[in-house]
Every structure is written in structure tokens, then in C-alpha cells.
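Me: I would like to learn how to read side-chain features in a model. Can we work through one together?

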Amino acid sequence: QGQLVESGGGSVQAGGSLRLSCVASMDISKYYLMAWFRQIPGMGREGVAALYTAIDTTYYDDSVRGRFTISRDDAERTLYLDMSDLKPEDSGIYYCAADSRAFGGAWTSEQPYNYWGQGTQVTVTV
């Protein structure tokens, strides 16, 4: 099955920037949706940003709109999340997710995604 591997996390001060990468073992153009989720300790995973492959449409949670950008590089089989003006509230474990089934559910739900990465930690300090 397809595998997703995230990297690029780390500790940064508020106002800083990070680029997260998600490298897939398969052609990412095959996926219907790809997304980034964030998990805070003691909480479930919440959708941060998503990309609809067929029409290259992006979606963002209100809390990150204007600060985060989701993009992909098909040749590199990589999904990116560029994060700027980071806030402490952005901290958490970031997961890459992909839907190969055209599930059709809301992108903010975990239900559409049948592939998940292992997660990468992002910590934003004041």
C-alpha cells in the first residue's frame, strides 16, 4: 500500500516559518484528496489544509488561512505545507493524509482518508 512520510517539523519562535514535506511512495496524482491534519495532546486530529487534485483546489481552516499554503510537486511525489507567522496555537503533531477512493466526505473529517503518515512535531514558542 502507499506510504506517506512527513518531515520538516521542529521548534520555532512565534512569527517564524516552517515548511513541512510529505513524500509518498506512489504517484500523488492518483490521490483524490491530500491534506494536512494537526493533533494537540489529548485531542483528536483536526483538518488544517487540503488539496483537491483533479482541479487543484485548496481548502484551509479559518485559523490558518492567509498564513499557511498547501501545494504539491507531482514529480517529487511530495505534498508541502508552508507555514508563516506561526503562533503558539499552531503547535501540535502534523499528519499528512491522502484519499485514493474519492470518498466524497468533508475534507475536515478523517473519514475520506485511507492513508496517513506517522506525523511530525511542530512546536511554536512565545
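**Rings, charges and a disulfide**

Reply: Start here: Arg45 lies over the face of Trp116, 3.8 Å from the ring centre. Keep in mind that this is a predicted model.

Me: Which ring has the charged end of Arg19 over it?

Reply: The ring of Tyr80 does, with the charged end of Arg19 4.0 Å from the ring centre.

Me: How is a pair of aromatic rings described?

Reply: By two values: the distance of the centres and the angle of the planes. Here the count comes to 6 aromatic pairs. Take Phe37 and Tyr113: their ring centres are 5.3 Å apart and their planes stand at 80°, so the pair is edge-to-face. The cut-off behind that label is an angle over 60 degrees.

Me: Where in the chain do Phe37 and Tyr113 sit?

Reply: In distant parts, 76 residues apart. Phe37 belongs to strand 4, residues 33-39. Tyr113 is in the loop between strand 9 (92-99) and strand 10 (115-116).

Me: Is Phe37 buried or exposed?

Reply: Buried, because its relative accessibility is 0% and the cut-off for buried is under 20%. Tyr113 is buried too, at 5%.

Me: Now a charged residue. Is Arg67 buried or exposed?

Reply: Arg67 is buried, with a relative accessible area of 10%. Its place is the loop between strand 6 (57-60) and strand 7 (68-73).

Me: Which side chain makes a polar contact with the side chain of Arg67?

Reply: That of Asp90, at 2.8 Å. Look beyond the neighbours within four places in sequence, and Arg67 is also in contact with Asp82, Met83, Ser84, Asp85, Leu86 and Lys87.

Me: Last feature. How many disulfides does a search of the whole structure find?

Reply: The search finds 1. Cys22 is joined to Cys96, with an S to S distance of 2.1 Å. The pair links distant parts of the chain, 74 residues apart: Cys22 is in strand 3 (residues 18-24) and Cys96 in strand 9.

Me: Why is the disulfide of Cys22 and Cys96 called left-handed?

Reply: Read the torsion about the S-S bond: it is about -75°, so the disulfide is left-handed. Both Cys22 and Cys96 are buried.

Conventions:
Residues are numbered from 1 along each chain as its sequence is written. This is a predicted model: local features need pLDDT of at least 70, side-chain atom pairs count only at pLDDT 80 or more; totals for chains, interfaces and linings use all residues. Side-chain values use heavy atoms; hydrogens and water are left out. Rings of Phe, Tyr and Trp (its six-membered ring) pair if their centres lie within 6.5 Å; planes under 30 degrees apart count as stacked, over 60 as edge-to-face and the rest as tilted. Helices (H or I, at least four residues) and strands (E, at least two) are DSSP runs, numbered from the N terminus. Buried means under 20% relative accessible area, exposed over 50%, partly exposed in between (1.4 Å probe, protein chains only). A charge sits over a ring if NZ of Lys or CZ of Arg is within 6 Å of the ring centre and within 35 degrees of the ring normal. A polar contact is a pair of N or O atoms within 3.5 Å; within protein, one must be able to donate a hydrogen and the other to accept it, and residues adjacent in sequence count only if both atoms are side-chain atoms. Contact means heavy atoms within 4.5 Å. A disulfide is a pair of cysteine sulfur atoms within 2.5 Å.
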